[in-house]
Amino acid sequence: PALRSLFLFMHIMRNVVLKLYIILCVFPEYIVGFTGYFSAKARSLYISSALRSAGDGTLEWHIVPRENPASDFPSDFELVHIRQASPSSLLTLEDHPYIKRVTPQRKVFRSLKYIPSPEPAAPCNATRGTQKWQSWQSSRPFRRTSLSLGSGFWHATGRHSSRRLLRAIPRHVAQILQADVLWQMGHTGSGVKVAVFDTGLSEKHPHFKNVKERTNWTNEKTLDDGLGHGTFVAGVIASMRECQGFAPDSELHIFRVFTNNQVSYTSWFLDAFNYAILKKIDVLNLSIGGPDFMDHPFVDKVWELTANRVIMVSAIGNDGPLYGTLNNPADQMDVIGVGGIDFEDNIARFSSRGMTTWELPGGYGRVKPDIVTYGSGVRGSGMKEGCRSLSGTSVASPVVAGAVTLLASTVLNRELVNPASMKQALIASARRLPGVNMFEQGHGKLDLIRAYQILNSYRPQASLSPSYIDLTECPYMWPYCSQPIYYGGMPTIVNVTILNGMGVTGRIVDKPYLPQNGDHIDVAISYSPVLWPWAGYLAVSISVAKKAASWEGIAQGHVMVTVASPAENDVGGELTSTVKLPIKVKIVPTPPRSKRVLWDQYHNLRYPPGYFPRDNLRMKNDPLDWNGDHIHTNFRDMYQHLRSMGYFVEVLGAPITCFDASQYGTLLMVDSEEEYFPEEITKLRRDIDNGLSLIIFSDWYNTSVMRKVKFYDENTRQWWMPDTGGANIPALNDLISVWGMAFSDGLYEGDFTLADHDMYYASGCSIARFPEDGIVIAKNLKDQGAGAWFNVGQQPCWLTGNFLICVSLVQI
Amino acid sequence: MMVLRRLLRKRWVLGVVFGLSLIYFLTSTLKQEERTIRDRTLLEVRDSDHRIPWKVRFNLGNSSRQITQCRNSIQGKTLLTDELGYVCERKDLLINGCCNVNAPSTRQYICKSCLANGCCSIYEYCVSCCLQPDKQPLLERFLNRAAEGFQNLFTAVEDHFELCLAKCRTSSQSVQHENTYRNPQAKYCYGESPPELLPV
């Protein structure tokens with residue numbers, strides 16, 4: 001007995017959590033237990049007869065009704081409320097032949113006394129360190145219809161209504177997403193091949209029961225995970241114990257594509273992807289990404305994977321909260337791009353957001369991420385054993401990959417599961433978060449059980465993302481809802497993605513047509529000639545018809561799109577699916593010219609088409625200008641400020657010769673890198689003579705600094721020379737020289753005050769020449785050219801005139 | 001303490017310290033460069049004395065195997081190649097996965113868009129050309145000399161069809177400077193040599 005109590009003690013101590021019960025007796029309710037199952041009527045009869053015989057009849061009592069699904073059926077107990085019961089009356093109750101016993105009702109309070117397990121406490125900075133693994137930009141750094149269920153667009157997430165535990169107990173993500181419901185049905189991911197592209201996994205890790213294969217694609221001769229990231233990601237997907245993953249029985253294929261120094265090369269990925277295709281992988285998790293969507297071999301290979309029925313899941317990026325920070329390949333139409341939320345359903349601060357920027361300057365970007373899920377403080381497998389907590393979209397990505405693997409295993413007819421159908425199921429079932437726009441949350445947060453329901457009743461079809469256009473819906477349809485449309489304005493473009501679950505390749509049949517509804521608007525459509533792989537674009541361009549030039553109100557209509565794919569079971573035949581895209585817009589009368597501002601997007605260039613250095617030289621972490629330079633991406637604050645002052649801002653995605661300047665009060669040129677055609681210069685001069693104003697934010701241009709920001713890129717193994725400075729000041733000088741104005745190549749920085757506003761001037765030039773009869777407002781700032789420290793990459797440098805002296809820290 | 005300080009102030013002591021640090025710095029930097037150079041070439045070099053243990057089954061000539069069902073290349077926008085070497089349009093694909101040989105546009109062992117160096121512009125034609133029986137010696141030579149970096153892929157390939165599907169895909173051999181194609185046009189190669197660099 002002493003030994004037994006010792007074991008018991010040890011067992012309790014080994015459990016990290018001690019559960020404590022506090023049981024209160026709730027007077028005066030009693031549970032009356034019967035000897036068998038009786039109907040409600042019979043039960044009340046027995047109780048009333050028993051209590052009648054109890055004596056004087058002054059006993060006040062009534063049966064407490066229990067309204068639940070079991071109330072229609074016979075039960076073996078009844079809950080009775082007896083006022084001032086005496087022990088004798090209870091005894092007489094028990095005397096009844098059919099009554100077994102009477103016990104007082106109890107109320108149970110449980111509280112978890114949590115003892116944290118003895119793992120090293122990871123300070124906040126440590127987890128942020130793991131998500132900010134950024135080697136040089138162009139390598140692949142870490143960080144990384146009828147389908148709707150018929151309910152309204154806004155779903156309750158319980159965030160504002162229900163009481164929720166505010167203590168920061170680390171959550172078990174698979175259970176929060178109710179994966180146990182699917183486990184109990186017998187679905188655990190078996191028969192699904194999932195590939196983890198990461199830092200590898202150690203041999204015989206206790207958490208994994210079905211590691212089919214580990215392969216190494218790096219130049220380090222090891223298959224093990226020296227960092228812990230790959231183990232964590234694999235654990236979130238398929239761990240079978242402790243911090244359990246979604247699909248413990250899935251067939252894991254571990255691809256080690258990163259070295260222990262978090263270095264990887266496109267060429268390694270190409271070979272590893274080829275192997276994944278050969279092995280007929282079903283789901284592939286890629287918790288990495290970068291801004292280079294023009295890495296054609298890589299992008300082509302991801303398309304090839306999708307075309308070979310591999311469901312790609314990738315992290316949208318950790319460069320938030322700035323807009324215009326989406327990473328590739330998560331920004332692709334055929335890939336499921338995943339953003340991060342915390343356990344309070346707030347978008348994680350680091351989660352990348354904003355529209356895609358492939359389509360600039362002439363078009364408009366697509367909505368990404370596709371869905372969001374938990375990526376903050378998620379628990380997963382530790383490197384050797386045990387569990388640890390990590391944050392980042394590279395954590396949210398395997399949550400979705402694990403969910404996808406589990407979902408794939410629930411479908412009887414595996415032929416129905418393909419990259420499009422899975423994506424359609426996830427986005428149709430996602431629960432929208434209130435107060436967040438679509439370029440932050442996509443379609444909302446992952447709902448595993450609803451996705452299961454949709455996937456298991458799926459029939460091959462096409463769908464649209466977003467599935468409707470409502471330019472009045474705020475804040476979800478920001479930025480569209482932030483400015484109504486009017487006659488004469490630049491067309492509003494919505495870049496809709498077509499998802500085609502019927503086949504790898506598809507096409508739009510005939511031209512989509514717009515029925516004669518909402519004739520106040522003109523809708524123009526363009527679309528991909530071929531929908532491959534599994535997806536394509538549908539660009540909807542909305543402008544106000546001339547007849548509504550002075551009209552105000554809401555216009556509605558819809559577009560019908562029919563998609564066709566070759567049918568596999570019918571030679572020469574096609575499967576078709578027709579989708580409806582509702583459109584709703586708010587129209588206002590055309591504002592006066594003085595209230596209309598035109599943003600020049602055409603001359604804003606950014607990486608990856610070329611190497612454009614960052615605008616603020618003091619910023620250490622991001623050497624490239626890659627955020628799109630659009631008013632709805634990194635210049636969002638400027639846009640919102642202008643809107644709040646009552647201005648209407650439109651975007652010019654074409655050369656200056658392509659707009660009617662009499663419609664606009666001001667042309668806004670911010671951070672222009674592109675050169676100007678002679679025709680543009682002539683036309684602009686005429687426009688300004690006719691009343692157009694021009695505002696230029698000139699940035700910096702200094703040849704010694706540009707020479708210094710050239711660097712040797714490890715990934716491409718080449719020297720990168722910047723294509724221009726922060727802005728193309730020589731080109732701007734060509735533009736403004738006709739008025740006798742010019743910018744200098746000086747470099748200045750400092751604080752200043754204009755009226756009541758305190759401002760910071762970061763790495764800009766000065767005005768070298770201006771007409772004498774003009775007005776110049778000047779301020780003395782720190783001349784970085786006269787000798788000042790600032791950072792070029794990681795090195796602190798001293799700029800004096802034409803010389804730039806930098807201190808290099810040599811790594812030994 | 002004072003003695004030590006005085007010693008450290010002596011010029012020759014400082015000179016020795018400086019000299020040793022300089023030697024250490026030089027040796028470690030050079031060593032690091034050497035290591036990275038060696039690692040980088042690992043994937044590019046063709047190792048003639050290290051054979052990968054490939055096990056591809058080639059079906060030569062008269063195959064007694066009855067073809068009731070075909071595997072095919074599944075991925076194409078408009079074209080597909082089946083395991084018998086026929087290229088057809090998607091609409092001419094039979095229910096069993098084989099190409100309809102009677103359709104007017106179906107061709108077998110077609111090397112359209114393929115150059116003399118064995119690199120083609122269209123993936124499906126590369127696979128079809130590769131499946132031609134007379135390509136077998138070429139493929140065997142490639143396998144015998146394939147670099148260790150391709151070990152994973154080409155040891156897992158089981159037959160002629162899988163070999164051609166895998167061989168024709170773009171790979172680390174197809175790129176220069178990691179993110180650019182050596183030849184953006186003819187980038188699918190069944191032959192031994194990587195795509196020729198396009199002149200800039």
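Predicted model: local features only at pLDDT ≥ 70, side-chain atom pairs only at ≥ 80, totals over all residues.

Student: Why are helix 8 of chain A and helix 9 of chain A called roughly parallel?

Tutor: The axes of helix 8 (residues 266–278) and helix 9 (residues 296–307) of chain A cross at roughly 10 degrees. Angles under 35 degrees count as roughly parallel, and therefore the two helices receive that description.

Student: How do you know that helix 8 of chain A meets helix 9 of chain A?

Tutor: Their axes come within 10 Å, but contact itself means heavy atoms within 4.5 Å. Residues of helix 8 of chain A that meet helix 9 of chain A include A:F269, A:L270, A:F273 and A:I277; on the side of helix 9 of chain A, the partners include A:F298, A:V302 and A:L305. By class, this contact comprises 9 nonpolar, 2 polar and 2 charged residues.

Student: What makes a space count as a cavity?

Tutor: A 1.4 Å probe fits there but cannot get out. The largest cavity of this model has a volume of about 80 Å³. Of its 14 lining residues, A:F293, A:L326, A:D331, A:T357 and A:W626 lie nearest the centre. The lining divides into 6 nonpolar, 7 polar and 1 charged.

Student: Which residues line the second largest cavity, and what classes do they represent?

Tutor: The second largest cavity holds about 50 Å³ of space. Its lining consists of A:M333, A:R366, A:V367, A:K368, A:D370, A:K423, A:S465 and A:T497. Asp, Glu, Lys and Arg count as charged, so the lining has 4 charged residues, alongside 2 nonpolar and 2 polar.

Methods. Residues numbered from 1 in each chain as written. Chains lettered and ligands numbered in written order. Heavy atoms only, no water. Axes fitted to C-alpha atoms, helices over the stretch in contact; angles between N-to-C directions. Helix = DSSP H or I, 4+ residues; strand = E, 2+ residues; numbered from the N terminus. Parallel < 35°, antiparallel > 145°, perpendicular 65-115°, else oblique. 1 Å grid on protein atoms, 1.4 Å probe; cavity = no way out; pocket = protein on both sides within 12 Å on 5 of 7 lines; lining within 4 Å. Points joined across faces, edges and corners; volume = space filled by probe spheres on them.
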